Amino acid sequence: MKSAYIAGTGSFVPEEVVSNFALEKIVDTTDEWIRTRTGISERRVARQGECTSDLAARAARSALENAGLEARDLDLIITATVTPDMFFPSTGCMVQRKIGATRAAAFDISAACSGFIYALSIADQFIKNGQYENIMVLGADTLSKITDWTDRNTCVLFGDGAGAALLRATTDKDRGILSTHLYSDGTLAELLQIPAGGSFMPASEETLKKRLHYITMKGNETFKIAVKALTDSVQTALSHQGVSCEQVDLFIFHQANARIIQSVGERLSIPESKIPLTIGKYGNTSAASIPITLDELNREGKIQRGTLICMAAFGGGLTWASSMIRW
Ligand code: UT7
């Protein structure tokens, strides 16, 4: 049986930087509150007309280049996003068109901030069962487009970006995606959602007036569940592989809040040096946060052949997931 390894990574964030100080001017908040409660100093925001597939296509091109492959080599594009360009066609199809991946099938998956690990898991199955050789896995979101910029509870948290991992088939048993574990709990859907605009509550004058097309979140409750879910899913990943925290080189967590990540690190006694943080400069970029962090580490030379990486994410759904990868 074949396994899937990450042959290349890429990422892209929009040019426009929005600092905490800029947010002080539009809602009742302070740079100090945002930094101490979340770890965020600034975030990137897409300009008008710049959509999720624009960011994702840039990340995908960069991953192709990193892997030394051409767009026509791709068999499949899976895009994890909750901010598709439109309901349909899928953002994956838009990426396929933009990068010229003429042979590739393309679809999207919806698992909010856990989306990248969900997509990775799907790609891993397609490679293991022998159907495909080269799969582009994308995590891309433009949460700024669905953020209520009058709500200080949420607007200080999010940012836009895209990350990519190019998965390839290998017969080498020592490397690649070693495991993925996916979890959901739909009974807690209301903690983090966009209430209107879908079939449940179609767009109307009233839903627009009530601002129901924006993200709503019960932050404090979500925080507590996130810490437990991330801790549990890392423990499952470790025990499934029969390894201890000490044997893992890097823990890449979804970047929702630096305090969530620190709590998980403390519970598992992971040294801070093994937990990279990119939230300070990008905020919470949803499905993009893990692949952006992965790409930065890869390009900085902090990931080498043999590096053991544990990833874990948590988000709306609720969904959470973990994965263990040997580079
Ligand atoms: O990405 C996937 C899932 N997302 C998460 O996992 C995010 C989880 N939640 C969080 O990260 C945190 O709960 C938040 C950052 C959203 C909030 O931090 P918190 O420490 O849980 O604060 P809180 O919601 O308990 O609010 C504390 C106070 C409240 O004031 P009172 O009621 O104590 O007077 C809020 O109104 O902070 C107030 N507050 C703010 N103050 C200044 C909330 N937002 C702001 C703000 N600036 N932007």
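Before anything else, one term: when I say polar contact, I mean a pair of N or O atoms within 3.5 Å. With that in hand, hello everyone, and please keep in mind that this is a predicted model.

Let's start at the ligand. The side chain of histidine 254 puts a polar atom 3.0 Å from one of the ligand's oxygen atoms, and that is inside the 3.5 Å limit I just gave. For arginine 152, a polar side-chain atom sits 2.9 Å from a ligand oxygen, and for arginine 259 the distance from a polar side-chain atom to an oxygen of the ligand is 2.8 Å. How much of the ligand does the protein cover? On its own the ligand has 950 Å² of accessible area, and the protein covers 74% of that.

Now the wider shell. There are 24 residues around the ligand, and the closest are Thr29, Arg37, Asn257, Arg259 and Asn284. By type, the shell splits into ten nonpolar, ten polar and four charged residues. Which element gives the most to this shell? That is H8, with four residues.

Let me step back to the whole chain. You can count eleven helices and 13 strands in the protein. Its radius of gyration is 19 Å, close to the 20 Å from the globule rule for 327 residues, so the chain is as compact as a globular protein of that length. The C-alpha trace spans about 55 × 45 × 35 Å along its principal axes, and 57% of the 327 residues are buried.

Asparagine 20 belongs to helix H1, residues 20-24. Is asparagine 20 buried or exposed? Its relative accessibility is 0%, so asparagine 20 counts as buried. The side chain of asparagine 20 comes to 2.7 Å from the backbone oxygen of isoleucine 40. The other one is serine 233, in helix H8, which is also an element of the ligand shell. Serine 233 is buried too, at a relative accessible area of 0%. If you look for histidine 181, you will find its C-alpha 7.3 Å from that of serine 233, although 52 residues separate the pair in sequence.

Last, some backbone details for those who like loops. Phenylalanine 88 and proline 89 are joined by a cis peptide bond, with omega about 0°. Proline 89 is in the loop that runs between strand S4 (76-80) and helix H4 (91-99). A cis bond also leads from glycine 317 to leucine 318, where omega is near -10°. Leucine 318 is in the loop between S12 and strand S13 (319-326).

Alanine 112 has a phi of about 50°, and you will find alanine 112 in the loop between strand S5 (105-109) and helix H5 (115-128). Serine 269 has a phi of about 55°, and its loop connects H9 and helix H10 (279-282). Which way do they fall, buried or exposed? Alanine 112 is buried, with a relative accessible area of 14%, whereas serine 269 counts as exposed at 57% relative accessibility.

Definitions and conventions: Residues numbered from 1 in each chain as written. Predicted model: local features only at pLDDT ≥ 70, side-chain atom pairs only at ≥ 80, totals over all residues. Heavy atoms only, no water. Near = heavy atom within 4 Å. Polar contact = N/O pair within 3.5 Å; in protein donor to acceptor, adjacent residues only side chain to side chain. Areas by Shrake-Rupley, 256 points an atom, 1.4 Å probe, with all protein chains shown as cover. Helix = DSSP H or I, 4+ residues; strand = E, 2+ residues; numbered from the N terminus. Nonpolar A, V, L, I, M, F, W, Y, C, P; charged D, E, K, R; others polar. Rg over C-alpha atoms; globule rule 2.2 N^0.38 Å. Buried < 20%, exposed > 50% of the residue type's maximum accessible area, 1.4 Å probe, protein only.
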